[in-house]
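New notebook page, new structure.

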Amino acid sequence: MNRIEQIALMANYNQWMNRKVYDAAGTLTDAQLILDRQAFFGSILGTLNHLMLGDTVWLKRFAEHPADFSALAPLSAIATPADLKQLAFADLSELSAHRAWLDQLIVEWAHSLHESHLDQHLRYHNMRGAAAEKTLLRAAGAFLQPPDPPPGAGDNTADPGGGGRRYYRPAGAD
């Protein structure tokens, strides 16, 4: 599998897994979603907002890449989040719809990449304002890389995109 195929596979996996996460969150009551769980971002809803805001920040950075990715043009209508702890969506259904839209943008962007884009440098400022620079490959890999499975958890099963890579899936997951 080449580098472009790997990024596209990770984007498809990201979309698939986010659907699973939001489906699971949809089974919770509003009270369960907003309950302060003493986590970094308070509640489940706060954590889902944080993940969406972080993805928005990265996608807006990718939109500034010299390749000028047209798939990311719709992001120009959205302000760059100033804080990753803000509650951008207080309603799960609105957040879920936005997440689905964002995930589709990620998939379209990943499928629009060309090999020549990956080694070009992406210059940006982090959330604290410090200048940073990475190749697009390194930034995209960090953005889309699925987490490692926790020790002793679940099985290792084939990915949903049929690309041959194996991903952690908890026991009993469909």
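I counted the elements: the protein chain has 6 helices and 4 strands, taken as DSSP runs numbered from the N terminus (helices are H or I, at least four residues; strands are E, at least two). Going along the sequence, I read α-α-α-α-α-β-β-α-β-β.

A note on the source: this is a predicted model, where local features need pLDDT of at least 70, side-chain atom pairs count only at pLDDT 80 or more, and totals for chains, interfaces and linings use all residues. Residues are numbered from 1 along each chain as its sequence is written, and side-chain values use heavy atoms, with hydrogens and water left out.

Next I checked burial (buried is under 20% relative accessible area, exposed over 50%, partly exposed in between; 1.4 Å probe, protein chains only). Of the 174 residues in the protein chain, 39% are buried.

Then I looked up D103, which sits in helix α4 (residues 92-112). Is D103 buried or exposed? D103 has a relative accessible area of 3%, so it counts as buried. Leaving out residues up to four places away in sequence, D103 touches N14, Q15 and N18; contact here means heavy atoms within 4.5 Å. For the protein chain, I noted that 64% of contacts between residues at least 6 apart in sequence join residues at least 24 apart.
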